[in-house]
Each structure stands twice: as structure tokens, then as C-alpha cells.
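Student: I have just been handed this structure and would like a short tour. Could we go through the pockets and the interior together?

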Amino acid sequence: MSSIVTEAWQGYLLQLQKNPLRTKAITAGVLAGISDSVAQKISGIKKLQFRRLLLLMVLLEQLTSSPWNNLFFMMYYGLVVEGRRWSLVKAKVRKDYPTIQLTAWRFWPIVGWVNYQYMPLQFRVIFHSFVASCWGIFLNLKARSVKAA
């Protein structure tokens, strides 16, 4: 048993070194799920409320990765795709980022809820990928500094 734990720990440390952000996000999600499950059991709930766990996971994702993804996309688009100076990109991010992030916080939890509540398991990745493609189009349009004529 000890060797299994040691191997798992070494694998975790390796992943932490190779993919720190992803590993930390997954770890945070797993720990949040475990803590919520334990809290439900301690409080006397007989059957775990998985919707509560799902809500917690969606909330965690929206508060951690979503803001960074949208921020980095806007900076990348302005600096690399459009080749704008940092001062112009910074001004664009200051102006448009809050609206984009608020839209994401309204939009993605609904997508996650629909995906987990109604989408058959075999279609969840396809559904999420399709919606992410639509979100990518939205971000591209919002990140542009000049409107197409």
C-alpha cells in the first residue's frame, strides 16, 4: 500500500512541475468536492447532493480559470494578432474586459448546467466544444480594435 501512495505522490509532483496551473486547478476542484461531501455527511445529510457539488465545481471554474482565459486572450489578440502597442492593448482591456468577464459569468454557468443536466454523456464534449467555438467568435469580435467595414 505504501508504494502505491508513494507512486501516486511522485506522479502528482511530476504533474505539478510539468502543468502547474492545470494540476492546481484540478486539485482545488477535487478538494472542494471532498470538503463539500464531508460537510454534507457531517451535517447529517443521508444522500449526497450532487447538484450542490456540481454548482460548487462550476463556481470554482468560473472564479479561477475564466477570468485568466479571457484576459490573456484579449492581450494576445491585441499584441500578437493585431500587433498593437502595449499601451493601446492595456486601454482596450481596461475598457472591454469587465463587460466580457461579466458576460462570461452569466453565460458559462448556464452552459455548464445545461451540459451536465440535460446533455447525454456521449455528447457533452461535443456540446461544450461547439459552445466554446461560439464563445471564441464572440471574443474575437469583442477583442478587435477596428470594426470590419
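Student: Let us start with the second largest pocket. How do the residues of its lining divide into nonpolar, polar and charged?
Tutor: Please keep in mind that this is a predicted model. The lining of the second largest pocket divides into 5 nonpolar, 2 polar and 2 charged residues.

Student: Which residues are they?
Tutor: The second largest pocket is lined by L21, R22, K24, A25, A28, L60, T64, S65 and W68. Two or more residues of this lining come from each of the elements α2 and α3. The most come from α2, with 5 residues.

Student: And what volume does the second largest pocket have?
Tutor: The volume of the second largest pocket is about 150 Å³.

Student: What about the largest pocket, what is its volume?
Tutor: The largest pocket has about 610 Å³. Its lining counts 27 residues, and those closest to its centre are E61, Q62, S65, W108 and H128.

Student: Which helices supply that lining?
Tutor: At least two residues each are supplied by α2 (20-42), α3, α4 and α5. Helix α3 gives the most to the lining of the largest pocket, with 12 residues.

Student: How many of the lining residues of the largest pocket are charged?
Tutor: In that lining, 2 are charged, while 15 are nonpolar and 10 are polar.

Student: Changing topic: in the largest nonpolar core, which residues touch the most other members?
Tutor: They are V93, W108 and W135, in a core of 13 residues. Helices α3 (50-81), α4 (86-118) and α5 (124-143) each supply at least two residues of this core. The most come from α4, with 7 residues. As background, nonpolar side chains in soluble globular proteins tend to be buried together.

Student: One more residue, N70. Where does N70 lie?
Tutor: N70 lies in helix α3.

Student: Is N70 buried or exposed?
Tutor: N70 counts as buried because its relative accessibility is 3%, and buried means under 20%.

Student: Which residues does N70 touch?
Tutor: Not counting residues up to four places away in sequence, N70 touches Y97, I100, Q101, A104, W135 and L139. One of these, W135, is also among the residues that touch the most other members of the largest nonpolar core.

Conventions:
Residues numbered from 1 in each chain as written. Predicted model: local features only at pLDDT ≥ 70, side-chain atom pairs only at ≥ 80, totals over all residues. Heavy atoms only, no water. Core = buried A, V, L, I, M, F, W, Y, C linked by side-chain atoms within 4.5 Å. Buried < 20%, exposed > 50% of the residue type's maximum accessible area, 1.4 Å probe, protein only. Helix = DSSP H or I, 4+ residues; strand = E, 2+ residues; numbered from the N terminus. 1 Å grid on protein atoms, 1.4 Å probe; cavity = no way out; pocket = protein on both sides within 12 Å on 5 of 7 lines; lining within 4 Å. Points joined across faces, edges and corners; volume = space filled by probe spheres on them. Nonpolar A, V, L, I, M, F, W, Y, C, P; charged D, E, K, R; others polar. Contact = heavy atoms within 4.5 Å.
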